[in-house]
Amino acid sequence: MCGIVGYVGKEECVDILVNALKRLEYRGYDSAGIAVFEKDRLKTVKAKGKISEGLEHLLENVGKPHATSGIGHTRWATHGEPSDVNSHPIGNGRVSIVHNGIIENYRELKDFLTAHGYGFESETDTEAAAKLLDYYYNGDPIEAISRTMKDLEGSYAMEIIFRDRKNCVYAIRKESPLIVGKGDGEGYIASDITAILEHTREYYLLEQNEIAIVSESGIEFVDDHGFPVEKELKTADWDISAAQKGGYEHFMLKEIHEQPQAVRNTVSPRIKDGLPCFDECGLTDDKLAAYDRIFIIGCGSAMHAGMVGKYVIEELARKPVIVDIASEFRYRTPLITDKDLAVIISQSGETADTKAALALANQIGADTLAIVNVVGSSIAREAKMVMYTNAGPEISVCSTKAYVVQTAFMYLLAIKIALANKTIDNQRGMALTKALSDIPEKIGQCIENCREECQYAASRLQNADSLLYIGRGLDYALSMEGSLKLKEISYIHSESYAAGELKHGTISLVETDMPVIAVATQSALLEKTVSNVKEVKSRGAMVIAVARKSTVIDPTCVDYRINLPETEDLFMPLITVVALQMIAYYTAVLKGCDVDMPRNLAKSVTVE
Ligand code: F6R
């Protein structure tokens, strides 16, 4: 949700800001802009549209301002449509700001400021904050910022520049993330580290109620009373190649190919003597045996990983698992208690609803375990226990490798809970752990062996208006993710349905040539799934079966099939999803869609 960058140094800053913004474009791409210190004024250039279509063209036309410090923003619109005037930076020539988040009390602030003679041009909530800063500014930036922070309700990561504080950028945050990078005589500010990895891997995490002051004399932090704050300098272990396409046409395709390594990096460090080991976070067998229930909470793909987790944990550990959409959990007075474990799944660690669900679970007294990809993110810091998925940065808005590692983690957790509850013995635990360790190789085989089959399937789907994914058991849990991938990036309407539930209404949608993707990897349910496939086939559906190579399915009821590598039924989702990702990817490519930046979306949904 909106990306923020800032730079203070010795170099011409426009290209630095624009390049950093491009790395954050996955956070939002409705409009983009920069404001820099040009001679004695603040020069703002901003435009509607993606950076390459709007801001860069405008900079070519008006000429790049010469400056060595400035701020930048790429927007995902919340208040006010995507337009030039609603783009950030927003200000009045004396003060200029960029903002990620939502100022909830902007209407009251606007009324107050209007009564004090301020006019407003944009429809944004941000403008109220910019004008409030101007109202409080009497030559003391820290005082103006502190007073503004006290008045603002909602969430923000914000950079502020004052015309008369040349080459100095101030930054604050509440809820939304912000880091300050340390270069060689240079300071950077960014929503996340990927924006500045090409310049530095050293950074500070800005905390709430702190103000970062990045100037030509260095980087300082003060609290909201102006007292200095000492902070730890951290080093990111991601390198710049992780944030580049590396020869692939899209980040999504690159990230699909990174999945074997991502699963290895997530699973291997958690295996000791052939069994899962969670010593790193203190999740002991005693605790796991004592929990009444497991809640798994997340949004979108993260929640879908939890759906697979539910099937696997209930199957192996015989513990009740409740999977919750974070935005539902937080508002329905959930029946979670201090005897339960809440597993919070998030790639970014910043998703607003997931964060709020975590806060609620913490407040009720449940144990909370965060499964997060971004190190040091809010959810990682606020949970009682944290374990990182080591997928590296995921840039494509459409999640692939993050989902796969989250799901792989569900298996580790399931085996661990089952051992702790003695529903499986060590021998079975070891066999399962070994099967999980073999998954990266199978994912690699799936990418290589199923690519062409998926490309062909995509060619059969590209003109569809609507389609169904069906499956039973784990195949159903997984098909939710397959369906989301397809609709998200190819804009073809699709639904996932429990195959046995079709005849209770949804089958009326099936007509001649409607594509139905039947996921059939669960041997015990195969016969039942095939019966459902026959029901749709006999009503004219064009059926694509996704099944193991060795699975025999009556060829008269399928039009085409994807032949997956073999593994135990229980682990099939980790392989099958790769084929579903590739079907979605190639369909979107054939349709000419913007695969990495689908319309209306943004990664890291930091607003409710
Ligand atoms: C879909 C997708 C989203 C995210 C969801 C949660 O491809 O990426 O559905 O999974 O927005 O995001 P995180 O995991 O960052 O909390």
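The legends below describe close-up views of a predicted model.

Local features require pLDDT of at least 70 and side-chain atom pairs pLDDT 80 or more, whereas totals for chains, interfaces and linings use all residues. Numbering runs from 1 along each chain as its sequence is written, and side-chain values use heavy atoms, with hydrogens and water left out.

**View A. The shell of residues around the ligand.** Of 14 residues around the ligand, Ser346, Gln347, Ser348, Thr351 and Lys485 come nearest; a residue is near if one of its heavy atoms lies within 4 Å of the molecule. The shell comprises five nonpolar, seven polar and two charged residues (Ala, Val, Leu, Ile, Met, Phe, Trp, Tyr, Cys and Pro count as nonpolar, Asp, Glu, Lys and Arg as charged, and the others, Gly among them, as polar). Domain 2 (245–437) and domain 3 (443–594) each supply at least three residues to this shell, with bounds from an automatic or database domain assignment.

View B. A polar contact is a pair of N or O atoms within 3.5 Å. For the side chain of Glu488, the corresponding distance from a ligand oxygen atom is 2.8 Å. At Ser301, a polar backbone atom is 3.1 Å from an oxygen atom of the ligand. The ligand taken alone exposes 410 Å², of which the protein buries 87% (Shrake-Rupley method, 1.4 Å probe).

**View C. The cis peptide bond at Pro89.** The peptide bond from His88 to Pro89 is cis, with omega near 0°. Pro89 belongs to the loop between strand 4 (69–75) and strand 5 (90–91), strands being DSSP runs (E) of at least two residues, numbered from the N terminus.

**View D. The backbone at Glu175.** Although not a glycine, Glu175 has a positive phi of about 70°. Glu175 is placed in the loop between strand 8 (168–174) and strand 9 (179–182).

Key: A polar contact is a pair of N or O atoms within 3.5 Å; within protein, one must be able to donate a hydrogen and the other to accept it, and residues adjacent in sequence count only if both atoms are side-chain atoms. Helices (H or I, at least four residues) and strands (E, at least two) are DSSP runs, numbered from the N terminus.
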